[in-house]
Amino acid sequence: MNWKRGRHRRSSSADNVWYVAGSCIVFFLLGNLLMFQTYHGFVENRGERSMHGDSLQDHPISIKDLTGKLLGRPLMIKYQLDQYSVFESRLRKLMENTQDSGRGDIFTHHLSTTETKFDKNGNRLLNCGDIDNITDKEYIASGWTKAVYKGIYKGSPVAVKTVDIRGQDVGSCVEQGRTVEDCYWKAAQKIINEIVILQGIPHDNIIKVIGFCVPKKDADKDGRTVVMVTELGETIDLIKLLQMSWEDRLRISHDVTNLMEFLANTPYGSVSMNDYRRQQFVLVNGQLKLSDVDDVGFDEPSCINDNECTVVFSSSNFTKHLSCIGGYCLGYNEHRNLFNTGRHFTTFLLPHGAPLLLKPHIEQVVNAYSNLTLNSGLLVDKMNTIVNLYKSGNYLNRTAPEQHKTEFLKHTRSDLPGQHDYRCRFSMSGVGCTVSVFDQREAEDICKIDPECKGFVITDQTTWAGRKIVHLKNGIGKISTNENTDLLIKPS
Ligand SMILES: Nc1ncnc2c1ncn2[C@@H]1O[C@H](COP(=O)(O)OP(=O)(O)OP(=O)(O)O)[C@@H](O)[C@H]1O
Ligand SMILES: [Mg+2]
């Protein structure tokens, strides 16, 4: 397979060296690993468990260890024993039923076993053979541990995550004197954690696993790698977020609030995002999704008294005191996640450009995020209120339902394709002035106060909030027929 790497600084000869090295590494890694580990040894070999489940161990991790890391303290949570064994058996199955993979470059896999797996909704998960058939692969991004590629599977775009053999994680591990095989395995373990966690807590705002390939322990000692396939997203950064329309920023704020509420109440306990950064999220068709869960934990700090339950955000000089209940600081993860959500998303996404009449509601949300005065459930309620007011056009504060008399000249089924487009602030498109409106009257109001606007084309397309998409025009030229649009010309 020919995976295009986007990092120009690497020469093709260097690439060849790395591909060969990568194959050798994987070959030795799995050979070594599988030779010294029997399955039972694998299960029984317990190690230390860190509070947040984010530190790696010195030896290949056991299934019990990994389950423990993922679930945190087992005796705290209702149904914990059941959940613990569900997770453990899920992981055990994952490890047992893995597929082998091929030689050549690090993404080449052979198909030898084809057990069919399904996700919670009954969708068949891609196996190693399917992953082999992903085409048009191209490097997108990498972090400390993983490299992410995009590709096409049966006509649909997918993201493929694998260990970045040239990444910081493997590199710094090797520098510390560990073998490359050992370091590769430690990094691969993070992807296996992710496969299990992502499947264990499915949600609209968490990236969906489409398939995976984990080398079978007793397979041939080929160049095998751990690979996870997920929905393909679009990376986000601060600039991209700030350039979005207020409506899209509202959507992201709503999504991230829903996610926080879900994470605070998963069947496995309250999830802590130990490494909260915007880079851990992507957008899938405009919807925000958490895409990196290798640093999440499922346990809250243990305590003896309330004094030990203070959430401290030293960079913001903010502290929040919580209660010690049943030996744990209840709400610790939720509050930490909420504060970080405020800092990274909501407090700067919501206020700027918000409709005037929604501002008081937005202030309440921003204050609650900044001072942690509401829990995630109440924040979801507040966000739902804002979204509903926005969707229903309530923010327009139209008093009497008087008949709106348009002063604009209406040409039905008419369009000005590619003509008289101009740039305006918060346009949804890169080329023209495209905005969403509740109705034609709102479009007219926007056009009236913009001296450059001479008219607009109202389409039958709608946004996620059900609002009509409108193209403002700074002139009127040759009018064409379009069954799906109307043209409205501003009175001069
Ligand atoms: N499904 C996806 N679609 C598109 N891009 C993605 C996807 N998942 C991750 N990415 C991009 O790849 C980058 C690296 O992925 P990921 O965060 O999982 O790796 P990592 O090594 O754990 O990174 P970090 O060191 O930042 O934690 C992300 O920052 C993101 O930009
Ligand atoms: Mg990560």
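Just after α11, L372 takes a positive phi of about 50°. Helices (H or I, at least four residues) and strands (E, at least two) are DSSP runs, numbered from the N terminus. The model is predicted: local features need pLDDT of at least 70, side-chain atom pairs count only at pLDDT 80 or more, and totals for chains, interfaces and linings use all residues. Residues are numbered from 1 along each chain as its sequence is written, and chains are lettered from A and ligands numbered from 1 in the order in which they are written.

Helix α11 spans residues 359-371. Its buried residues (20 or more other C-beta atoms within 10 Å of their own, with C-beta atoms placed from the backbone) are I362, V365 and Y369. Seen down the axis of α11, they fall within an arc of 60°, so they line one face of the helix. The arc is that of the directions from the helix axis to the C-beta atoms. The face turned away from the buried side carries P360 and N371, both exposed (12 or fewer such atoms).

Helix α7 (residues 180-200) is mostly covered, with 17 of its 21 residues buried.

Ligand 1 has 23 residues around it, each with its C-beta atom, placed from the backbone, within 6 Å. G143, W144, A159, G233 and D292 come nearest. β3 (135-142), β4 (146-153), β5 (156-163) and β7 (227-231) each supply at least two residues of the shell. β3 gives the most, with 3 residues.

Methods: The expected span of a helix is 1.5 Å times one less than its number of residues.
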